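Please read them with the sequence and the structure open beside you.

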There are 2 protein chains.
Amino acid sequence: MTRYDAYLAESATRHRDELFAYLRIPSVSTLPEHADDIQRCAEWVSGQVEAIGLRDVRLMETGGNPIVYGEWLEAGDAAPTLLLYGHYDVQPAEPFELWDTPPFEPAVRDGRIYARGSTDNKGPLFTYLKALETILAVDGRLPCNVKLIVEGEEELRADHLDTFLHEHRELLACDACIISDSALYGEDVPSIALSLRGMAALELRLETAATDLHSGMYGGVAPNALHALVRLLATLRDEEGRVAVEGFYDAVRPLPAEETAEWSRLPFSEDALQREIGASKLIGGNEHTVLERMWARPTLDLHGVWGGFQGDGLKTVIPREAHAKLSCRLVADQEPEPILELVKAHLERHCPPEATLTFESELAGASPMTMPRDSPFLAAAREALTVGYGKEALLFRSGWSVPVAALVKDRLGTDSLLLGFGLPTDGAHAPNEHFDLANLERGTRTMVAFLTSVNGRH
Amino acid sequence: MTRYDAYLAESATRHRDELFAYLRIPSVSTLPEHADDIQRCAEWVSGQVEAIGLRDVRLMETGGNPIVYGEWLEAGDAAPTLLLYGHYDVQPAEPFELWDTPPFEPAVRDGRIYARGSTDNKGPLFTYLKALETILAVDGRLPCNVKLIVEGEEELRADHLDTFLHEHRELLACDACIISDSALYGEDVPSIALSLRGMAALELRLETAATDLHSGMYGGVAPNALHALVRLLATLRDEEGRVAVEGFYDAVRPLPAEETAEWSRLPFSEDALQREIGASKLIGGNEHTVLERMWARPTLDLHGVWGGFQGDGLKTVIPREAHAKLSCRLVADQEPEPILELVKAHLERHCPPEATLTFESELAGASPMTMPRDSPFLAAAREALTVGYGKEALLFRSGWSVPVAALVKDRLGTDSLLLGFGLPTDGAHAPNEHFDLANLERGTRTMVAFLTSVNGRH
């Protein structure tokens, strides 16, 4: 047992109490009623960063939710400088009734911590904090320079972070950004994602009349916003689930054959995936494999559709308006703005003539990114994962979006390493989100190994 | 001025206070949280019926919300017996934010009373109560026998009323049912609707996965309940708004040419209708006139569609389930059960293979009805309308459903006369529902004229 391991063992109870306190704060950034919780959470993180021994700790203004900053820069100019990234905000927990235990009261069952934010991203960020604490407590110093930022708008939009990175590009200058907000390929598979999909989102409203109308009086002549909406939205995908927006796939590049060949080393079962999500059928057509559709093909998904009466019983109303939220996942050379323009043009072209279409907002955008295979930080991370998990790490791709990776590349000119310890099956964004105690422990040990070895690999 | 008019004039302030007290009770039958208000409202009506002088007044159990009963049966066997009908329950007032003044705080603006239930059906029923009060106060007796029922589940479902009518068919035996729950053709047009459309409603749920999923992780392979729902619902109507359910129009009979010729005497402007509802286009195709589509053709309308995230901001979820409520308006020989079977068979046939379809409930059903043109009660009502409004009454049809008319025919063997004083433009079931003070006054005088003359016409 190393001295780091001994420190972690003797601190285990305190560490878990601290993580639970962090998870109890309902830091939901997308709902205005949680503004106070956001502030409280930022202050909690700031207190932690100070307590573990980073210097110059502060809450930095962004025009939105504050960013927690801390640093340790005494490893010398020859040592690499890492920018560590996490976020303290979480997704809404609705619908609450689908949670087995309350989303903001962490509960341990079967070796997992259940709570909103446990895997996205409070648990994985916590491994970074505890690895830093451990090395500083044991050695009194870090072997590399570290700058840490923890933001509060990852689930919301990246505009403030973008401005923040640009305005503070000298403060944040670094050799690599290490992002905790990512997942392993699967349980007990130490692994690193080489690419991220981007995202482009929008919200729309259709209107068909000046007021809601009685279906007995006006049924047969009055246009119905819900019928207009379902007709319009049905044009967005074909019956196999391929995106039917004209030009949508034009900027997608085919994958190199050697990469898809590598993927065959990963444990994967299409049947198991289908059982895992509880679907009777996977969508997307058969022109591309399931892994390619999840990692290297773009998508369009409706996230919310609503209009008319949703209560118990019957209300025979012809609704005057109806709403939808959707987003696209982007790959390769697809950029958010041009994709949004294609989607909007499609929607305008297919809007039923009795309806007025309004785009309510463009909710988020992020470019896709792929990290270089020859990065020394990637090599250090693979070795650290081998130490932390006791088996060789594999490379894969990730289907989700981590806007910060694209922003860091744009604003700081730095590549990002996705070094997170959640699992795809942890239920991020869904009821009963959880994070494995095993990944909490192995992730922390991986980060200790990474931070103590990265200097030599650089 | 008749003695009846004089009585009404001197009672006007008190009558309005009473109506406002009635409108203040949020007797929403479709929302369980208003159960106490329903009971309170039934007791309020019962107190009124007692106060105006009816006999044997009581709240009768139905297995659901109570029915208020009262009678006055001393006009003798030679006089006709009328069953007067109204309902004290109202539609939900949501969305509250679209009301200019609170829905359960009646406000008078521009000669109208604004409140939920003002036109459907508290205001029109109130004309019946005040006409009875007036004749009993002035004459000490009624010239016809009267039985009054005021139910509390009109907006909910008719099952309990159906059982009630059957179980109490001797108590309720009558020569005609007079229904306050109907509307005039238009403002300043005294008129009676000859027919009502029926209704058949259902609610459905689609499921595509065991849990909500993250669109970054699973987008491209996971089925999305919202996409399945919009595809399915888009098959229900064609692009002109005609119902696309196979066999839907089979039981519709063509209208006699003489009836559509009569309709040309009614003031009607398609442009004005379109402006009134604020639509850029009327739907339903051009094979039938607008009046025919509203009165004598069947319809299918979505009343509510929902699934996924509806809050502020973005939640990149792939929803596992999605919901819809819909109903059909029926005409001629269409019956609710066979029509529901056609709609369900269509939905099952068109359900996307990745989705599981469940019918949550069949919310309501009512047969369409047409009243005989040679009824003596119809003749008396036309004359009374001429007295009350000072101009000749016209006949038209009504597009909406009054389930009680079909039930009364089935259970008591009696035809119904639709003698209500609301307007199609009163916003029944919508925000800012209202009832004209002019119709309150003229309606009450029409009912005095009808009740005092119907014996001679019978």
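1. In chain B of this predicted model, the axes of helix α1 (residues 3–10) and helix α4 (residues 118–139) come within 9 Å and cross at roughly 115°; axes are lines fitted to C-alpha atoms, for helices over the stretch in contact, and angles run from 0 to 180 degrees between N-to-C directions. The crossing of α1(B) with α4(B) is right-handed, the term used if the near helix is turned clockwise from the far one by less than a right angle. From α1(B) the contact takes B:Arg3, B:Tyr4, B:Tyr7 and B:Leu8, and from α4(B) it takes B:Thr134, B:Ile135, B:Ala137 and B:Val138, where contact requires C-beta atoms, placed from the backbone, to lie within 7 Å. These residues divide into 6 nonpolar, 1 polar and 1 charged, with Ala, Val, Leu, Ile, Met, Phe, Trp, Tyr, Cys and Pro counted as nonpolar, Asp, Glu, Lys and Arg as charged, and the others, Gly among them, as polar.

2. On the numbering and the limits of the model: residues are numbered from 1 along each chain as its sequence is written, while chains are lettered from A and ligands numbered from 1 in the order in which they are written. Because the model is predicted, local features need pLDDT of at least 70 and side-chain atom pairs count only at pLDDT 80 or more, whereas totals for chains, interfaces and linings use all residues.

3. Helix α2 (residues 12–23) of chain B also packs on α4(B), at an angle of about 145° and with the axes 11 Å apart, and this crossing too is right-handed. Here B:His15, B:Leu19, B:Tyr22 and B:Leu23 of α2(B) meet B:Ser118, B:Lys122, B:Gly123, B:Phe126 and B:Lys130 of α4(B), a set that divides into 4 nonpolar, 3 polar and 2 charged residues.

4. Chain A has 13 helices and 19 strands, which are DSSP runs numbered from the N terminus (helices H or I, at least four residues; strands E, at least two). An open sheet of 6 strands in chain A has the order β1-β2-β6-β3-β7-β18 with mixed pairing, where two strands pair if DSSP finds at least two bridges between them. Its edge strands are β1 (55–60) and β18 (416–418), each pairing on one side only, and the twist averages 20° from one strand to the next. Within the sheet, β3 (residues 81–87) and β7 (residues 176–179) of chain A are parallel over 4 bridges, with A:Leu82 opposite A:Ala176.

5. How do the chains meet? In the interface, 83 residues of chain B are in contact with 83 residues of chain A. On the side of chain B that touches chain A, β12(B) gives the most, with 9 residues, and the residues of that side divide into 39 nonpolar, 29 polar and 15 charged. Strand β12 (residues 299–308) of chain A runs antiparallel to β12(B), joined to it by 5 bridges, and A:Gly304 has B:Gly308 as its bridge partner.

Methods
Contact = placed C-beta atoms within 7 Å.
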